[in-house]
Amino acid sequence: IIDEQHRFGVGQRSLLRQKGRDITPHLLVMTATPIPRTLALTIYGDLDLSIIDEMPPGRTPIKTKWVLPRERERAYSFVESQVQTGRQAFVICPLIEESENMEAKAAVQEYERLQQQIFPHLRLGLLHGKMKAAEKEAVMADFYRGDIHILVSTSVVEVGIDVPNATVMLIEGANRFGLAQLHQFRGRVGRGEHQSYCLLVADDGISDEGRVRLEAMERTQDGFELAEEDLKLRGPGEFFGTRQSGLPDLAVAKLSDVKTLEHARRVAEQVFEADADLSQPEHQALRRDVDKFWSGEGDLS
């Protein structure tokens, strides 16, 4: 069972499947945001699909807003208003420390700036991947207890964080993150009974693709709809290889062409019934691709 499947590479998932000693184990992968390759595999019939499309009882949809850089002060005021009502907030930064080569917000410097200049009367916490495990656990415990009003963090909070009292997720440089990450960040709030919000602060000079991603985040909270948008933007990757996005090296029908895909699957089933080991002359090219797939270069997950 592989949870948060989108965080694993093809090679990692292949190694996990090889843990079975004498047989290939059954495989269950779970994620709120399928990556393009996974969505393509489900469409092509390599993975059976089960969808949980209901929110847990008592939860309300998260209100998502794309915020321009010049509107950042309004976003800060909104965060403070939520804290004043007893709620808590996340501020996500793309980097840990400032870089000469990148203009993205950095967590360490942003934490210091927010604590000293924007929210001096509130208690802020800092969390990033370079901290020791005990330090990270202590910060998260303080945040969970409510001792920290605003947690400034890098992407380490993408999964596995459950603080029902946190109602605001403010993401700096939101256009620098992929749709799967943005959706996972948003899922860190809205876990309690209170209305929650996700504020996407974009950089100046955002690209057209970045705009499409943020517009999709505003439009829907459906992980599969976002995955389909991601698939359109990035492509499904290699079907016989390890790339998980990009254009495939094989010309195929569009993934939205469901009728053609269903027909292809029926034909594949007929071929399998008639020539399961692909020994007939007309199936030798297909046999070579199948052998290549199972040689270790590809993986179904």
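**Ground rules.** I number residues from 1 along each chain as its sequence is written, and I use heavy atoms for side-chain values, leaving out hydrogens and water. Because the model is predicted, local features need pLDDT of at least 70 and side-chain atom pairs count only at pLDDT 80 or more, while totals for chains, interfaces and linings use all residues.

**Entry 1: helix 3.** I looked up residues 72–84, a run of 13 residues. Helices here are DSSP runs (H or I, at least four residues), strands likewise (E, at least two), numbered from the N terminus. From first C-alpha to last, helix 3 reaches 19 Å, close to the expected 18 Å. The expected span is 1.5 Å times one less than the number of residues.

**Entry 2: its two sides.** I found Arg72, Ala75, Tyr76, Val79, Gln82 and Val83 buried. They lie on the same side of helix 3, because their arc around the axis is only 120°. That arc is taken from the directions from the helix axis to the C-beta atoms. On the other side, Glu73, Arg74 and Gln84 are exposed. Buried means under 20% relative accessible area, exposed over 50%, partly exposed in between (1.4 Å probe, protein chains only).

**Entry 3: just after.** I noted that Gly86 has a positive phi of about 100°.

**Entry 4: the cores.** A nonpolar core joins buried Ala, Val, Leu, Ile, Met, Phe, Trp, Tyr and Cys residues through side-chain atoms within 4.5 Å. The largest has 31 residues, and Phe90 and Ile171 have the most contacts inside it. Apart from it lies another core of 22 residues, including Val83 and Leu199.
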